There are 2 protein chains.
Amino acid sequence: MLIPDTTQTVVAPASAPGPGAIAVVRLSGPGAFSVAKAFLEPRKAFDDPKPRSAYLLRAHEDGRLLDRTITLLYPSPKSYTGEQMVEIFCHGSPYIISRIVNLAIKHGAVEARPGEFTFRAFINGKLDLAQAEAVNDLILSESAAAHRAAITQIEGGVSKQIRKLRRRLITLLSELEVRLDDSYEELPALDLSSFREKTLLLARGIQVLADSFEKGRYLKHGIRAAIAGAPNCGKSSLLNSLLGYKRAIVAPSAGTTRDTIEEKLDVSGLSVIFTDTAGINRRTGNPVEKEGIKRTFKALKTSDLILWVQDAAKSAGAADRRVQKAIAANAQRGTAVLKVFNKSDLPPKRPPAEIAGGTSLSCKTGEGVETLKKLLAGERGRLFSAEASAVITSARHFQALLNARKELEKLKELESGKTFPFELAAEHLKGALGELAVILGETTSEELLADIFKNFCVGK
Amino acid sequence: MLIPDTTQTVVAPASAPGPGAIAVVRLSGPGAFSVAKAFLEPRKAFDDPKPRSAYLLRAHEDGRLLDRTITLLYPSPKSYTGEQMVEIFCHGSPYIISRIVNLAIKHGAVEARPGEFTFRAFINGKLDLAQAEAVNDLILSESAAAHRAAITQIEGGVSKQIRKLRRRLITLLSELEVRLDDSYEELPALDLSSFREKTLLLARGIQVLADSFEKGRYLKHGIRAAIAGAPNCGKSSLLNSLLGYKRAIVAPSAGTTRDTIEEKLDVSGLSVIFTDTAGINRRTGNPVEKEGIKRTFKALKTSDLILWVQDAAKSAGAADRRVQKAIAANAQRGTAVLKVFNKSDLPPKRPPAEIAGGTSLSCKTGEGVETLKKLLAGERGRLFSAEASAVITSARHFQALLNARKELEKLKELESGKTFPFELAAEHLKGALGELAVILGETTSEELLADIFKNFCVGK
């Protein structure tokens, strides 16, 4: 059973796990009220619940008070899932939460699978698939940009764009289909040049939306910035200085190896994942160090931006030149490079003109760190010149748009024949329509749906 | 400023940290509505909010939609704190939570300190101190017994007992005080023998409640069970077998040393902390092993119960005798010992009468593990013969009760004199009353109050 059985009533904790002041347990399905009524008192609250009224109900187990709750009752269809729903706000004790979930199960509910509430909202037509997918993105968003992309998508921003493209596809298709009809002869001949132009414009429209995926990926996952430089130039200090500037949303994650560490932080509303690299400094026979160098090269290669740190109080040495060579190779591939001259608190040993070509700062005194942050914010601006109202952040949507565009390209090939084959052309337009329908979840397979929702939080 | 400034409005996330389907942000204070109104729309919801009505409100930041929320508005005094309160249920995104908290701060709220909501409820007379303290115990309760003790205390179980004792103290005190008055001569002389008896009964009543702390500690923190035995008798296997029986509430915690590991599990509604010991098996010069042995002896000494594991398929050896000696010392101190004969799947090498004196089981096949669990449940019964309606779980309450009892004992000393000094006696009764008042938080110092609430969750 891949899709939810909506004849069943499901239950799940809906707040983050662990102890907290308040926790939420959610029920949805045709039996939500009757299940909750079995252990929440006074029962008369369930007799004729007003939509969105909060009731002070006592949860009982085996005749004993389990907790005093605030409970919201949502008669169908005025709820998140469109089904009858109950939201129980109890004390955030893992013990109480597990008892309430168990009580619901004892009285007929089954445990909700991850994302099942949103899955049901989708099934019941409360959200289309693109909107539903963004619910999880919203919860996991860690920056203003990721949040904005997700909430725009939930509010229908992406779906609206898709529906617009679809309307244009349907118009084109109808021009062909009326001519496939018996009454075709009564109509004027198809203006092939106009049809071709409209197809081209539509293909471009699809491409523009698909192109926003480049941005969307950054918005969703953040941009990757590698910190590279010779040993002891202050790479780790720079990372610390940057992290110190805004405490909000700093999530350390374990490095892939002992020698590269990653830290995420919010720079002007965009997540930037900084990678502190090492190991580029010498050629070695030691297999561990060799692996370290390999990882550093990989970090540089997968970065959107390199912060090249140099020690301004030391003349450039062989190590600097090795770093320069590695960075140059990446710059050629289009990776942005920001030069940073550290240790401005000491007498400079580099030519002033060279230092002027980068950001001079001191991780020790903090001088200049602010300037670098502003530059990073500007770099962000370069990557995101204009914030589109709707941005594709899902690889699935990107792929479907590319497929749709390919179907339209096949129309061009058909034109090379003597007569334009309406039926074949209509098939390709229908193919493109099908791809858009997959984005909205109208013709999506059960397997794909199950796959999308299984990555959701429990209780959502 | 140790106690909350209730002229200010406070804000805090109230659900557990981390991503989840739903999160809660709470506001309390005189400006709760006006702060929330500054970023929640439509604003008319705040005009004349019905108590406990749920409003669908949009949170806005800089003119952009931040999230759609379900918001509960509580006009004062019908709220948890007794103040004007707002509870915002938003998507459980750490980004959204931090933005909503920031919006509230931007519009005049200050960040709530841990426990500040409950602290305010206490200040506003919604809860006495004993009730307020139990709120945190409730959230952190991990077993049915701990939960029951906490919720009984929140519902006023402990406070009721304290108030009963207080009424009896006041009756005694008034008997003395009327005789300190000018009109004393009109009254009959104090019946000293009856007064003495009443004082004794009251001291006993206080002692009974204080004695419940022995139980209360178990209820709150669980009982400690050490698993001891010769090497390779199956101590760790037994721990695993026990843990396997009930998945619920299994919390591994790092061992104090490499050689003792602790696991907590729920046995018939009571937390049992099992300690797997090692190192008792030989005398050694190795300092690490020496430390291990020291730790094992300590684990045995601090246990409420010892599971003594022996390998039934092997004759008793020197290692078994060493363990026996260590356990005997603890049994003398009153520690309960349950003998376990492991490896019942192999031919026995111990006398049948010896095996019959313990629980025969096989961690390999699982045979007999159930029997041991029943015995443990019984052991729990022995420790908690009757579940008192109110149990002292707080060391602070325990100490105050002991102090009150000591004041009553001092009355006895006064009797040895020629005349019974009413004024001095009244002072001791007042001292005892003061101790009870401290439990209820009526005369508690700001320092102590601050100390109690600082260990609470944020948002509670």
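Leaving aside neighbours within four places in sequence, B:S93 is in contact with A:L138, A:I139, A:S141 and B:G20. The model in which these contacts occur is a predicted one. B:S93 belongs to chain B and is placed in the loop between β6 (85-92) and α2 (94-106) of that chain. The relative accessible area of B:S93 is 0%, and the residue is therefore classed as buried.

The contact between the two chains was then examined as a whole. Chain A contributes 48 residues to the contact, and chain B likewise contributes 48 residues. About 3,800 Å² is buried between chain A and chain B, and carbon and sulfur atoms account for 64% of this area. On the side of chain A, the three residues A:I22, A:R52 and A:Y95 supply 17% of the area that this chain buries against chain B, more than any other three residues.

The overall form of chain A was considered next. Chain A contains 15 helices and 14 strands. Its radius of gyration is 29 Å, whereas a compact globule of 460 residues would have a value near 23 Å. The C-alpha trace of chain A extends over about 80 × 80 × 40 Å along its principal axes. Of the 460 residues in chain A, 52% are buried. Among contacts in chain A with a separation of 6 or more, 66% are made by residues 24 or more positions apart.

The surface of chain A was also characterised. Chain A exposes about 20,900 Å², of which carbon and sulfur atoms supply 53%. Its side chains include 65 positive and 53 negative ones, and the centres of these two sets lie 8 Å apart.

Several glutamine residues illustrate the range of accessibility found in the helices. B:Q207 is located in helix α7 of chain B, which comprises residues 192-221. B:Q207 has a relative accessibility of 19% and so counts as buried, the cut-off for this class being under 20%. When residues up to four places away in sequence are not counted, B:Q207 touches B:L402 and B:R405.

A:Q161 lies in helix α6 of chain A, formed by residues 157-180. With a relative accessible area of 26%, A:Q161 is partly exposed. The C-alpha atoms of A:Q161 and A:K215 are 16 Å apart in space, and the two residues are separated by 54 residues in sequence.

A:Q332 is part of helix α10 of chain A, which covers residues 318-332. The relative accessible area of A:Q332 is 74%, and this residue is therefore exposed. Between A:Q332 and A:H147 the C-alpha distance is 32 Å, with 185 residues separating the two along the chain.

Particular features of the backbone were identified in both chains. Most residues other than glycine have a negative phi, and most peptide bonds are trans. In chain A, however, the peptide bond from A:E41 to A:P42 is cis, with omega near 0 degrees. A:P42 is situated in the loop between β3 (40-41) and β4 (53-61) of chain A. In chain B, B:E41 and B:P42 are joined by a cis peptide bond, for which omega is about 0 degrees. B:P42 occurs in the loop between β3 (40-41) and β4 (53-61) of chain B.

Positive phi values were found at two residues of chain A that are not glycine. A:D62, which is not a glycine, has a positive phi of about 50 degrees. A:D62 occupies the loop between β4 and β5 (64-74) of chain A, and counts as exposed at 67% relative accessibility. A:K343, also not a glycine, has a positive phi of about 70 degrees. This lysine is in the loop between β13 (336-342) and α11 (352-356) of chain A. A:K343 counts as partly exposed, its relative accessibility being 22%.

Notes. Residues numbered from 1 in each chain as written. Chains lettered and ligands numbered in written order. Heavy atoms only, no water. Helix = DSSP H or I, 4+ residues; strand = E, 2+ residues; numbered from the N terminus. Rg over C-alpha atoms; globule rule 2.2 N^0.38 Å. Buried < 20%, exposed > 50% of the residue type's maximum accessible area, 1.4 Å probe, protein only. Contact = heavy atoms within 4.5 Å. Areas by Shrake-Rupley, 256 points an atom, 1.4 Å probe, with all protein chains shown as cover. Lys, Arg positive; Asp, Glu negative; His and termini not counted. Charge placed at Lys NZ, Arg CZ, Asp CG, Glu CD. Buried area = accessible area lost by both parts, 1.4 Å probe.
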